[in-house]
Amino acid sequence: MTTSPFDPQSELNENVRSRFYIRGDWVLPNSTGTVSIVSPTTEQPFLSVPLANHRDVDAAVLAARKAFDTGPWPRMSAEERSVYLRRMSTAIASRLPLLSRLWTAEVGAPLWFANMFTPTATAMLDYYAELSTSFAFEERRSTRGGHARIVRQPVGVTGLIAPWNAQLPILAYKLGAALAAGCTVVVKAPPETPLDALVVAECAHEAGLPPGVLNVITADADCGAYLVAKSEVDKISFTGSTATGKIIAKSCAERTARVTLELGGKSAAIVLEDAGLESTLAALAPFTMPFSGQICFAQTRILVPRSREREFVEAYSAAIAALKVGDPWEATTQIGPLANRRQFERVLRYIDVGLSDGAQITTGGTAGDHRDVGFFIEPTVFSGVTPAMTIAREEIFGPVVAVMAYDDVNQAIAIANDTDFGLSGSVFTNDVERGYDVARRIRAGNVSVNGLEMSPNVPFGGFKQSGIGREGGPEGLSAFLEDQAIYMPSELQSAKQV
Ligand code: NAD
């Protein structure tokens, strides 16, 4: 195993390594607390960075509040703001290789995977820069007494909280929409992957964003909860586990703060009887455990017709067994390590539970006997899984997939919907219109036919316990806006006042 070729001292600016970004400046933290970033590949800490305390949260919120209440940002036209968004996107584009390397260093995402998905960040900023120049921030409707102007106002100061798995793309969804809307922002970066958001702050600084519009601190769950509860924060946009989402929703409900929640998933891929085996495997297999299954929309339950169960399990297990597990810095590696020890132990526990519940492992199932360092787990396929088993119900967030058999399409849809989650799903078939009909019956926010795609102009989010609200598309922008209705008198009444 090669050691991490990432060198924080030479690759990262000192500000990113040692400060927070508040009020347009790189400030020394009030807190003396620090957190070590551990390489999931070598299990060695490679950088120690500051961890915020409540006073750091207060400073970031105060800066965002001031920038919103008295600064230029919410008062600019959407076109003016879009110029800053484009500049930020350009600054991020120039750092994409660094941001990809960070993803690999912090989380163990294979470098090719990181290279493929970091451009999501620039795509999101560009999309919102473009959308905001044509979006109806103001609209007129006739009323009995005259007309009303519906003004879409920025919701205010927003707290953005994202998990460790895919900091940059998740942040970009939130940030693009929040900034385009005219909101000011406090980003609470997670302690496991604090660096991406700070590099984004560097880009905002380079783009000349007015002071206080974007503030970035690294903070743990306690400071996250403190941020969520602060009365000066008008909206929380959270991505993370369903358990934390519920805590945040309760806290926001206490003070009627706006909240968007992007939570966990247990998504089902339904393979219909007419689906070609090879084409289905080619399109489906990469999305069952991308990036070691640590993606919320991973298709972790595969539902196959009972008559084709054996054929499918054999072919799919062979495809998964052929994936090359190893050093995420190597170009040929398909599956890297899990992101951290907590994840590693959690996934191994679920594998034990699957076995003791009576499911069979057709490939994988261990940490891999040829590696003595790194949080590696062999990609694992379970067959003989029934809908009641824990591994069919709970989000594992690792490279573990359950294959389940169904007797007819109605049963397949019932199994797909027999879950507390509703984030994603997919249908594989030779008849795409039939696929569409089945997709409409799946209770999930994002369903694809014969593949999986995410596009900046399409809303993303969950039904049921997978979340509340949407990100991406005009829907994602609306989530950072408040509708204000201003009733205007008729021209006749206006004239009478003169
Ligand atoms: P998590 O819920 O433990 O933590 C997410 C973030 O919330 C972290 O920044 C954490 O520091 C912070 N946090 C924790 N407790 C908090 C509290 N009480 N108040 C405020 N902030 C708090 O999730 P995780 O383990 O880091 O991430 C994995 C989860 O994220 C999975 O469930 C996955 O499905 C989900 N996820 C969802 C999406 C989506 O778009 N729906 C995308 C990626 C990940």
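Q: What makes two residues count as being in contact here?
A: Contact means that heavy atoms lie within 4.5 Å. By that rule, and leaving aside neighbours within four places in sequence, arginine 101 is in contact with Pro5, Phe6, Glu11, Leu111 and Trp329. Before going on, a word on the model: it is predicted, so local features need pLDDT of at least 70 and side-chain atom pairs count only at pLDDT 80 or more, while totals for chains, interfaces and linings use all residues. Residues are numbered from 1 along each chain as its sequence is written, and side-chain values use heavy atoms, with hydrogens and water left out.

Q: Why is arginine 101 called partly exposed?
A: Buried means under 20% relative accessible area, exposed means over 50%, and partly exposed is in between (1.4 Å probe, protein chains only). Arginine 101 has 23%, so it goes down as partly exposed. You'll find arginine 101 in helix H5 (residues 96–107); helices here are DSSP runs of H or I with at least four residues, strands are runs of E with at least two, and both are numbered from the N terminus. The C-alpha atoms of arginine 101 and tryptophan 112 are separated by 9.7 Å, and the two residues are 11 apart along the chain.

Q: What makes the phi of arginine 23 worth a look?
A: Phi of arginine 23 is near 55°, a positive value in a residue other than glycine. Arginine 23 sits in the loop between strand S1 (20–22) and strand S2 (25–27). With a relative accessible area of 43%, arginine 23 is therefore partly exposed.

Q: Where is asparagine 450 found, and why is it called partly exposed?
A: Asparagine 450 is in the loop between S18 and strand S19 (467–468). Its relative accessible area is 32%, so the label is partly exposed. Phi of asparagine 450 is near 60°, again a positive value in a residue other than glycine.

Q: How do you know which strands are at the edges of the open sheet of 7 strands?
A: Two strands pair if DSSP finds at least two bridges between them. The order is S14-S15-S16-S13-S12-S17-S18, with mixed pairing. Strand S14 (360–363) and strand S18 (446–449) each pair on one side only, and they are the edge strands. The twist averages 25° from one strand to the next.

Q: What makes S12 and S13 a pair?
A: Strand S12 (residues 268–271) and strand S13 (residues 301–305) are joined by 3 bridges and run parallel. The rule asks for at least two bridges, so they pair. Alanine 269 stands opposite isoleucine 302 in S13.

Q: Which strands does helix H16 lie across?
A: Helix H16 (residues 409–417) lies across S12, S13 and S16, and runs at about 145° to S16. For such angles, axes are lines fitted to C-alpha atoms, for helices over the stretch in contact, and the angles run from 0 to 180 degrees between N-to-C directions.

Q: How do you know that the chain agrees with a compact globule?
A: The radius of gyration is taken over C-alpha atoms, and the globule rule is 2.2 Å times the number of residues to the power 0.38. For 498 residues a compact globule would come near 23 Å; the chain has 24 Å, so the two agree. Of those 498 residues, 58% count as buried.
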